[in-house]
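Thanks for coming. I will take one chain as a whole, then an interface, then a single residue.

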Amino acid sequence: MTFWVVQALNGVSFGMLLFLLAAGLSLIFGVMKVLNLAHGSFYLLGAYLGLTVLRLTHSFLLALAAAALGVAALALLLERTVLRRIYGEELRQALLTFGVLFIIADQALWIWGGNPQTLPKPAGFTASVRLGDVIFPSYRLLVIAVGVVMGAALWWLQERTRVGAVIRAGVDDEEMARGIGVNTPLLFTAVFALGAFLAGFGGVMGGALLGVYPGADFEVLLLAFVVIIIGGLGSLKGAFVGGLLVGLIDNFGKAFFPELALFTVFAPMAAILAVRPTGLFGKA
Amino acid sequence: MVRMHSEIPFSGLRRARPVVFCLAALLAPALAPAAAQAAASGPVTIGIVLPNTGPLAVVGQETVRGFDLYMNKIGLRAGGREILVIKEDEEGKPDVGLTKAKKLVERDGVHLVLGPTNSATALALRDYIDAQRIPLVVPQANTRILTAPGKASRWILRLIETSDQGCYPMGAWMMKNTPYRKVFAMGADFAIGHHSAEAFMAGFKAAGGQVVKEVYPPLNTLDFAPYLTQIAATPADFVWGWIGGSDSPRFVKQYQEYGFKGKVPLYGYNTMVDDVALPAMGDAALGITTVGHYTAAIDTPANRSFVQEFEQKYRNWPSRYAEAGYTAAQLIAQATADLQGAVEDRAKLRDALLAAAERIQAPRGPIRFDKYQQVITDIYIMRVERRGDRLVNAVVERIPAVSQEDTWKWWQKP
């Protein structure tokens, strides 16, 4: 019984982290049709910035804010100066963001060094809680809570606000949206910055859980892609469900079939690609 | 009006320029042998092929720090000659390592090569080094295959214990010094993780212990929970693991978070809590007992002075990787001094390196090489303790002069 509870909670917490990462990526692709390979760098930078701020101020909230906003600012700069020159040229955009991924990875190695580090958890969430027979880290419960709250906030943004309606319009048909007077360049910048914000935020949350080290950007990027392929590109609901699914399958898969550990993350992705290529909730 | 040839100034020279240039380019290599002969009184050139980027970057950088510390201490001179160090990045990849090694040997004309860190790179270099007949001093790559009969090369010297050399004796040590008899063994899912866990289990079983379960999480596992939760379902009374790199901080923290610390004691190989990763782990690492060839807490005059010099320069305690770099530098400098700088004869240089082992005072203690050029070294059992505001791997026991031949009876049929 303990085993099932722990694994399920674990899967859900990991899934929430994946959701935070995938949501930004999915949004960026859905609206801008840009394959933002630099998303991994946003996570990495978010984690490292959070680490530095935490060391200086010992405040997790401040670190979250600083990291998310800092990364969003960088993304804004990137989009304004470089990315917007090559709209419509998907291959060039992908290559450019890939280049950015490498540049940021190297800079991070230079600034923060090569040692693997972990962000200290926020005060109050460093201990494990007892739920009957089960001992579970309280921080992971926090990640679940934050993921759910973030998901709800994003859903509310998308479904109940004008900004959200504009974003949805952009996802559905960018040309039509432009035709009815939506300021698409501004929309793109805003979405790119929002996606980066989510990635930076995820970086701090994930950094306390999984650590931050050179190479984390590539690993996280890979996982985020798996989630959006399963959940569907451009869909927030897809990112949420996809994240949960991947988190749970990965956990239970590793527990029952440890020899297939590397396979458990990619098996559902392969299955979805074969059966329903647009993902569970994707829009073409 | 056509200008006469003779009216154009320097026309003769200008037209001849391309020809002169080509002749110069062709002749230059011919002059080079003369330059190489002059180099016999030039610097002793050491080629370093260690990772400076990639997942093993921190290991490579630590090794270079230890190496530079000693080289700068002796003023980059030995045997009456200057020492020139050329550093190349193997990136933790075998093909890159091989390319860089070739560049060092063939283009830079190094006298010997130091490196690599990655075991796969070491195996990739083996045939090339053997064919080139140039000494290779290996500071980290600890695959047991590299110095086994049939695979060992006369030109490859290794300064670090194999995966077996440390882990096998720990099995017997556990039976003798702890009340624990049933192990849940773990190892990262690649050659070194497997070999190390196998060696520990073989040593443990040979001394009468029992292996309850073996589990091999992949490298770069983000979440060890699926593996850790299996421990509670077994009758194991301790866990032994080979975990390294960026997995170590995660593994150690998650071990505590899931409630196993304090309930099921954790043992393993020193890469789990090495002096590079330890500072970031905090109290989660306290009490973890591991085995390895070095800890900065070794209490000998030679080591204390090494630690002090290192800390003065780099503001951190040295790790096992820094010690390997430092010892390599000592060895090379001593060999060069013994040869009075005549390092051109590679066979003599190799032999001098082997002999130098018994003349240097390595921070870890006395070392010498066996007949496969593998180091015979003291092995330390160590436990993480807090001393003041610092976490250290405190020495619990020293097992002197462990040789790979003692530890391979269970897999190597001589």
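Two residues count as in contact if their C-beta atoms, placed from the backbone, lie within 7 Å. With that cut-off, among contacts in chain B between residues at least 6 apart in sequence, 70% join residues at least 24 apart.

A note on the source. This is a predicted model, where local features need pLDDT of at least 70, side-chain atom pairs count only at pLDDT 80 or more, and totals for chains, interfaces and linings use all residues. Residues are numbered from 1 along each chain as its sequence is written, and chains are lettered from A in the order in which they are written.

Chain B has 12 helices and 14 strands; these are DSSP runs, H or I of at least four residues for helices and E of at least two for strands, numbered from the N terminus. Of its 414 residues, 53% are buried, meaning that 20 or more other C-beta atoms lie within 10 Å of the residue's own, again placed from the backbone.

Now the interface. Here 26 residues of chain A are in contact with 29 residues of chain B. On the chain B side, helix 2 (57-73), helix 7 (225-228) and helix 8 (247-257) each supply at least two residues. Helix 8 of chain B gives the largest share, 4 residues.

Last, one residue in chain A. A:Leu96 sits in helix 4, residues 90-112. Why is A:Leu96 buried? Because 20 other C-beta atoms lie within 10 Å. Leaving out residues up to four places away in sequence, A:Leu96 touches A:Val82, A:Leu83 and A:Ile86. A:Ile86 is 10 residues away along the chain, with 9.4 Å between the two C-alpha atoms.

Conventions:
A residue is buried if 20 or more other C-beta atoms lie within 10 Å of its own, exposed if 12 or fewer, and partly exposed in between; C-beta atoms are placed from the backbone.
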